[in-house]
Amino acid sequence: MAVWVVSVVGAVTLFSSPATAQVAFQSTNRLIFGVPSDLTASMSFVDVDGDGDMDAVMANGRHWTQVNEVYMNNGRGQFTYGYPLSPEKATTYAVPAGDLDGDGDADIVVGNDRAQSWVYLNDGAGAFDRAWSVGPETDPTRSAQLHDLDGDGDLDLLVTNRGAPNGFYLNDGTGRFGPKRPFGDPDGSTIAVAVGDVDADGNVDLVLANRDGQANQILFDDGSLAFDEVREFGTGTDETRGVVLADLDSDGVLDIVAVNIGEPNAVYLGLGAGAFGPGTSFGGNARTYMAILADLEADGDLDIVVANVGGRNAVYLNDGSGRAWTEHFVGDEAEATYGVAAGDVNGDGLPDLGFANSESLNRLFINVSGRR
C-alpha cells in the first residue's frame, strides 16, 4: 500500500493512495496546544462550559511539576483561548473528566505521580475549584479513569500505579471518594486499566496493562468488586503501556487491544466466557504508549489510534473483522507522544484526534475524510 504525506504552507495533511484512500487528517500551525516545553502526558476532550462543543484539558508534568491547562473551543474546532486548570503545579499524568457531583457539568480528577491527587469541581462555566484530595500522597500514578463500578449511577475512580498497589475509589454521589480499595498485584507495575464485562456475567471486570516483565492480567469481578479471579494474557513478559476493551468484530463479545514498548502491539479477540484467542500483531516494533478506539471513517466499526514515542503516530483501520488492519501514519513528525484523544471538535460528525506530546507542541488533527 502506497502512503505519502503532502505538505502545504502552514499545514500538514496525510493521504493514502487514491486506490486505497479511506481516511485523511489535516493539521495547521494554529491547531496546537501549549508550548514546546510542556511535558504533556495525556489529554481529554470534554465540554467544560456547557456550550455544546468539545474543549480540551491537558495533563502536564509527568515526573516534574507543571501547570495543567484548559483550552476552549470556539465552536468551529479552533482552540483560541486557554487558561490554567488551577494555579498549582503538579506531576500530572491524567485528567479524566465527568460529572462527579451530579450537577450536570464536567468535573476533573487530576492524577499525580508521587503527589496528592485532587478533585476539581466545575462551576458550570468552565472554572474549576480544587475541592478535596483522593488517595495516598506517595502513589506513583500513571493513569486514572472514571467508571461507575458499583452501578449506583455515579462515577467512581480507578488509578493505576507503577510499583505500588493500584486502587479504586467509590463515589458517594457528591464527588467525594471513599478509601482506596486495591486491585492487582501489590507490587505490580500497572500502567493502564480497561473496564468492561468480558465474561458477560453482568459484572465489570478489569484488564491490566503491566510493565517491567510482569504479565498482563484480567481481573474478574464476582459481583462484590473483589476482583479475586485472575487470568493472564499475552506472552507473560510484554512491556505493555496501554489497553482498551471494545467489540472489534461485531460479535457481541469484548476484545482487547494491548499496545507495547519495543514489540508489536496485539489484538486479542474475545471467544466468550472471558476467554481470548491468540494475539494478532500490528504496528511493528514501535514504542507505543497509548491506544484509543474510534470509528474514524464512519463505516460502523472501530479503528485503532496509537501514540508512539520516537516514531510517527498512526491509525489502523479495521476491515470489520477485527483481524485485518490497514496502517496510515498521522503527521510527519516522530515525537514523544504519550497520549491521544478522539472527539468531534468541529461538529462535522467525524472524530478528530489530539496528540499529547512531551517536550514538543501538542497538536490537533482534523478528520477531513468526508471532504474528499
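**Notebook: salt bridges, strands and pockets**

I began with a charged pair: E229 forms a salt bridge with R231, and their closest N and O atoms are 3.2 Å apart. The model I am reading is a predicted one. I noted as background that side chains of opposite charge can pair when their charged atoms come close.

E229 has a relative accessible area of 41%, so it counts as partly exposed. R231 has a relative accessible area of 32%, so it too is partly exposed.

**Entry: the strands around E229**

I asked which residue is the bridge partner of F220 in β21. The partner is E229. Strand β20 (residues 216-220) and β21 run antiparallel and are joined by five bridges. I recorded that strands of a sheet pair through backbone hydrogen bonds, either parallel or antiparallel.

I next traced the sheet as a whole. It is an open sheet of four strands in the order β18-β19-β20-β21, with antiparallel pairing. β18 and β21 (229-233) are the edge strands, each pairing on one side only. From one strand to the next, the twist averages 20 degrees.

**Entry: further salt bridges**

How many salt bridges does a search of the whole structure find? The search finds six.

I looked at the pair E88 and R130, whose side chains meet in a salt bridge at 3.8 Å, N to O. This pair links distant parts of the chain, with E88 in strand β8 (residues 79-90) and R130 in strand β13 (residues 128-134), 42 residues apart. E88 counts as partly exposed because its relative accessibility is 27%. R130 is also partly exposed, at 40% relative accessibility.

I then turned to E239 and R211, whose side chains meet in a salt bridge at 3.0 Å, N to O. Here too distant parts of the chain are linked: E239 is in the loop between β21 and β22, R211 is in the loop between β19 (205-210) and β20, and the two are 28 residues apart. Is R211 buried or exposed? Its relative accessible area is 14%, so R211 is buried, the cut-off for buried being under 20%.

**Entry: the largest pocket**

I recorded about 1,000 Å³ of space in the largest pocket. Of the 36 residues that line this pocket, the closest to its centre are A144, Q145, M290, I292 and V340. Elements that give two or more residues to its lining include β14 (141-147), β28 (288-294) and β30 (325-343). By class, the lining has 28 nonpolar, six polar and two charged residues.

β28 runs antiparallel to strand β29 (residues 303-318), and six bridges join them. Within this pairing, A291 stands opposite V306 in β29.

**Entry: the second largest pocket**

I recorded about 180 Å³ of space in the second largest pocket. Twelve residues line this pocket, and the closest to its centre are D332, E333, E335, R363 and F365. Which element gives the largest share of the lining? The largest share, five residues, comes from β30. β31 (352-357) and β32 (362-367) each supply at least two residues, as does β30. I noted that the lining divides into five nonpolar, three polar and four charged residues.

Key:
Residues are numbered from 1 along each chain as its sequence is written. This is a predicted model: local features need pLDDT of at least 70, side-chain atom pairs count only at pLDDT 80 or more; totals for chains, interfaces and linings use all residues. Side-chain values use heavy atoms; hydrogens and water are left out. On a 1 Å grid over the protein atoms alone, a cavity is a set of points where a 1.4 Å probe fits but cannot get out, and a pocket is an open set with protein on both sides within 12 Å along at least five of seven lines; lining residues have an atom within 4 Å of a point. Grid points are joined across faces, edges and corners, and a volume is the space filled by probe spheres set on the points. Ala, Val, Leu, Ile, Met, Phe, Trp, Tyr, Cys and Pro count as nonpolar, Asp, Glu, Lys and Arg as charged, and the others, Gly among them, as polar. Two strands pair if DSSP finds at least two bridges between them. Axes are lines fitted to C-alpha atoms, for helices over the stretch in contact, and angles run from 0 to 180 degrees between N-to-C directions. A salt bridge is a side-chain nitrogen of Lys or Arg within 4 Å of a carboxyl oxygen of Asp or Glu. Buried means under 20% relative accessible area, exposed over 50%, partly exposed in between (1.4 Å probe, protein chains only).
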